[in-house]
Amino acid sequence: MEKREYMPIAVFVSGRGTNLQAIIDAINKGKLKTEIKLVLSNTSKAYALERARKYNIPTKVIPSKKFKNPLEWGEKLIEVVKESGVDLVVLAGFMKILPPNFISAFPNKIINIHPSILPAFKGLSAQEQAFNYGVKYTGCTVHIVTEKLDEGPIIAQAVVPVLPNDNANTLANRILKYEHKIYPQVIQWFAEK
Ligand code: GRF
């Protein structure tokens with residue numbers, strides 16, 4: 001098999017795209033040997049798409065609501081990802097639950113970042129959940145995506161303290177800085193096999 005220096009990846013987004021930006025920055029600094037072949041969003045409103053366009057990265061918007069059911073949406077996503085020829089799908093703030101046919105089409109090749117120390121605080125607003133619970137430490141987790149939401153083998157975690165004057169926002173911002181460190185690092189581990 002041809003040995004490629006740069007592992008091709010797709011990044012799935014729905015929002016502001018700071019994790020996408022961290023990946024792009026790591027590539028540009030030469031720390032991450034990957035090439036983003038595709039940035040895919042389920043909504044045209046994602047600011048992440050603008051970030052991608054600025055670097056001439058191909059983008060696609062495939063809203064789930066345009067399809068009769070989640071499996072048809074999944075078929076379309078499978079087609080697009082196969083076409084792009086990527087080795088890894090990186091979920092970076094992708095806010096739609098992926099259909100089971102998509103997940104089983106790419107076993108161990110879809111990763112996600114979640115803003116808590118899983119298995120604590122699954123689901124939405126994990127930083128706020130942690131803050132409201134009163135934990136003294138929380139953080140972020142990169143894991144393989146399986147059919148169960150925010151489960152799947154854990155690859156890396158960063159622990160982040162909750163400080164006395166924090167609110168949910170300051171805490172979320174502190175966690176985000178660690179997300180931006182560990183996500184590019186994990187992708188680089190995949191590139192190094
Ligand atoms: C991050 O907090 C990530 O952990 C979660 O969604 C958020 C995405 O942020 N899955 P951004 O769009 O990368 O800025």
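These are my notebook entries on a predicted model.

**Entry: helix α1**

I began with helix α1, residues 18-28. Eight of its 11 residues are buried, so the helix is largely enclosed by the rest of the structure. I listed the buried ones: Thr18, Asn19, Leu20, Gln21, Ala22, Ile23, Ile24 and Ala26. I then looked up what they pack against. The partners are strands β1 (7-13), β2 (34-41), β4 (88-91) and β5 (110-114), together with helices α2 (47-54) and α6. Just past the end of α1, I noted a positive phi of about 80 degrees at Gly30.

**Entry: Leu20 and the cores**

Next I took Leu20 from that helix. Which residues does Leu20 contact, leaving aside its neighbours within four places in sequence? I found Val11, Val13, Ile36, Val39, Ala48, Arg51, Ala52 and Ala92.

Leu20 is also among the residues with the most contacts inside the largest nonpolar core, which has 37 residues. Another core lies apart from it, with 20 residues, among them Leu38, Phe94, Leu98 and Val145.

**Entry: aromatics**

I counted five aromatic pairs in the structure. One aromatic cluster is formed by Phe12, Trp73, Phe94, Phe102 and Phe106. Phe94 I had already met, in the core of 20 residues.

**Entry: Tyr178**

I moved to helix α6, residues 168-191, where Tyr178 lies. Is Tyr178 buried, partly exposed or exposed? Its relative accessibility is 31%, so I logged Tyr178 as partly exposed. Neighbours within four places aside, Tyr178 is in contact with Cys140, Ala158 and Val160. Val160 is 18 residues away along the chain, and the two C-alpha atoms are 7.9 Å apart. I also checked the ring of Tyr178. The charged end of Lys181 sits over it, 5.3 Å from the ring centre.

**Entry: the ligand**

Last, I looked at the ligand. Around it I found Arg16, Gly17, Thr18, Asn19, Gly93, Ile113, His114, Pro115, Gln127 and Glu179. Thr18 and Asn19 are both on my list of buried α1 residues.

Which polar atoms lie 2.9 Å from an oxygen atom of the ligand? I noted a polar backbone atom of Gly17. I also noted a backbone N or O atom of Asn19. Glu179 uses its side chain instead: one of its polar side-chain atoms lies 2.8 Å from a ligand oxygen.

Key: Residues are numbered from 1 along each chain as its sequence is written. This is a predicted model: local features need pLDDT of at least 70, side-chain atom pairs count only at pLDDT 80 or more; totals for chains, interfaces and linings use all residues. Side-chain values use heavy atoms; hydrogens and water are left out. Helices (H or I, at least four residues) and strands (E, at least two) are DSSP runs, numbered from the N terminus. Buried means under 20% relative accessible area, exposed over 50%, partly exposed in between (1.4 Å probe, protein chains only). Contact means heavy atoms within 4.5 Å. A nonpolar core is a set of buried Ala, Val, Leu, Ile, Met, Phe, Trp, Tyr and Cys residues joined through side-chain atoms within 4.5 Å. Rings of Phe, Tyr and Trp (its six-membered ring) pair if their centres lie within 6.5 Å; planes under 30 degrees apart count as stacked, over 60 as edge-to-face and the rest as tilted. A charge sits over a ring if NZ of Lys or CZ of Arg is within 6 Å of the ring centre and within 35 degrees of the ring normal. A residue is near a molecule or strand if one of its heavy atoms lies within 4 Å of it. A polar contact is a pair of N or O atoms within 3.5 Å; within protein, one must be able to donate a hydrogen and the other to accept it, and residues adjacent in sequence count only if both atoms are side-chain atoms.
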